[in-house]
Amino acid sequence: MTASNPVSEETTSRSPLWLATWTLAVREVVRFLRQRSRLIGAIGQPVVFWILFGAGLQGSFAMPGSEGADALSFQEYFLPGVAVLIVLFTSIFSSISIIQDRNEGFMQGVLVAPVPRSAIVLGKVLGGTALALLQAFLFLAAAPLLHFINLAPEMNLNLSADCIIAAVMFLFWISLGLTALGYLFAWKIDSVQGYHGVMSVVLLPMWLLSGAFFPGSESRWMSLLMSLNPLTYGVAGLRRTLVVDQQILSGYPSMMACVFVTVGFAVACLSIDIWITRRDPAVAS
Amino acid sequence: MSSVEVEQLEFRYGERVALRDVSFAVSAGEVFGLLGPNGGGKSTLFRVLSTLLPIQKGNARVAGHDVANDPDAVRRSIGVTFQSPSLDGKLTVLENLRHQGHLYGLSGAKLKQRCAEVMDQLGVADRAKDFTEKLSGGLKRRVEIAKCLLHAPEVLLLDEPSSGLDPGARHSLWEILLGLRNESNVTILVTTHLMEEADRCDRLGVLDAGELIASGTPNELRCMVGGDSLLIQTENPETLKAKLQEQFQAEVIQLGDSLRIERENGHELLAQIATQCEGEFRSLTLGKPTLEDVFIKLTGRDLSAGEDA
């Protein structure tokens, strides 16, 4: 090494946004793949829920608007809900990793680098989104196969290329929205324990009230909460892309509303993330 | 030319003043040590210089760039290691370096070359494929420093680089740091609360309770303590202190069970105390003043006393 500065002469004052985003996102994915326990936590529990709730609630579940031989089984109904639960768990794990990065000093190392602050948000959130999307997709692809080992009933799903692409798009925006929402909480909370509180009080109820687990109720306040919950529109949109018989979904938000709310929610959360990260003067303390 | 210039810097966490009117300058190629107890303001000063905390009052320039107005230029010219490790344990040494390089806009062949260079410099090339969580404390610290050298910074800011290292690893770390300075004229600003490390710096600043109470070369600082330093260990410090003050008109500093006296021709006093206070002390030591003595003289406290804070 010489006294002159061969490296920084060639580069501009700031590292390119995409390179920093890319390296932070790749790190998320590599770390995840190297921690088996996270994989089991994020995908195992929802699958177990799906099988057990599906078997247990099969007799007592009746989807409004579908009766007789064409009736939607609970596991068919629950399928998009479980995919979203996988997304939710993955986003929770990535949010927790933000808290850990900050406590361990990794985040300080990133913050003193000349990277645009938005790259820190985008890297974290897109890395988490990629993981969530991948797992949810694998689940949706593999779940119907459980029928062959008698762990699930036969499923009548729409598997045309169009629908699969639409389902993946929906999963992407849901993942982006939930991961960005998780970042928002994680940025403000300094302990993993504190984050568990948010998880139980905000994130899990949000999932329960999204139509993922049960299709609404007679109760006025619950219907109101469900219609105000942005995740309701994500779950409904995903359900619309998967179900063959759209008739039974007549009480659900329209596809337009689903797309609009889901994308809007993700963009809003991401913008707030970038905003709070930029204006935080003592992010490392 | 000064690599680091700090003028009348002040920082408060709410009501608590962490830095009060701190001014100093570090020339290019100098190893400057910030000495002080934990809680003295070293880490706050560090965070301000590394752009993690805003400048509330005063000025700071690093490598010619204003910290408040041009943080990105400052970030590009500094390599920083913090007390808490910034390595990702789930990544290998090389992956950690590559990741760091990307954050500084390096990629491709250039990045590959720089990774090889810094791993050679820090002697970790043979561990390139090891996960960093499996490395010893000393090796981790070296990778950490390799990481912050990757973009060839002009100024290194190292916050307690040898904390948690055994004396052997600490020694080799300092050999590396001084080697770096000699080879590439990089400026090194280092915090420490260990005297033996402070002795290796070109110049020192003593930071206590947010104020820079002294600065100079280690020798200049030692000269602030006149003559010799006498250290007396005793079971009854109070009684002996009173006696010494009365009999020898000595200025006695008491720290727990030990008493310290500064005196020209300390050996004469030593002989007198040895004969006249026989049996009242456990040990009696005479030495040239150390930086520890300087710190005690300046603050009236032991350097390690602030450690619980």
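**A helix on the inside**

Modeller: Of the 13 residues of α5(B), 10 are buried, so the helix is largely enclosed by the rest of the structure. Mind you, this is a predicted model: local features need pLDDT of at least 70, side-chain atom pairs count only at pLDDT 80 or more, and totals for chains, interfaces and linings use all residues. Residues are numbered from 1 along each chain as its sequence is written, while chains are lettered from A and ligands numbered from 1 in the order in which they are written.

Biologist: What makes B:Val143 "buried"?

Modeller: A residue is buried if 20 or more other C-beta atoms (placed from the backbone) lie within 10 Å of its own, exposed at 12 or fewer, partly exposed in between. B:Val143 is on the buried list, and so are B:Ile145 and B:Leu149, among others.

Biologist: What do the buried residues of α5(B) pack against?

Modeller: In chain B, they pack against β6 (78–81), α3 (93–103), α4 (108–121), β7 (155–159) and α6 (167–184). Contact here means C-beta atoms, placed from the backbone, within 7 Å.

Biologist: Why is α5(B) called a helix, and what span is expected for it?

Modeller: Helices are DSSP runs of H or I with at least four residues, strands are E runs of at least two, and both are numbered from the N terminus. α5(B) covers residues 137–149, which is 13 residues. The expected span is 1.5 Å times one less than the number of residues.

Biologist: How do you know which strands are at the edge?

Modeller: Two strands pair if DSSP finds at least two bridges between them. The open, mixed sheet of chain B has 6 strands, in the order β6-β7-β8-β3-β9-β10. β6 and β10 (211–216) of chain B each pair on one side only, so they are the edge strands.

Biologist: What makes β7(B) and β8(B) a pair?

Modeller: They're joined by 5 bridges, and at least two are needed, so they pair; the two run parallel.

**Where chain A comes in**

Biologist: How many residues make up the contact between the chains?

Modeller: Chain B gives 33 residues and chain A gives 34. On the chain B side, α2(B) provides the largest share, 4 residues.

Note on methods. Contact = placed C-beta atoms within 7 Å.
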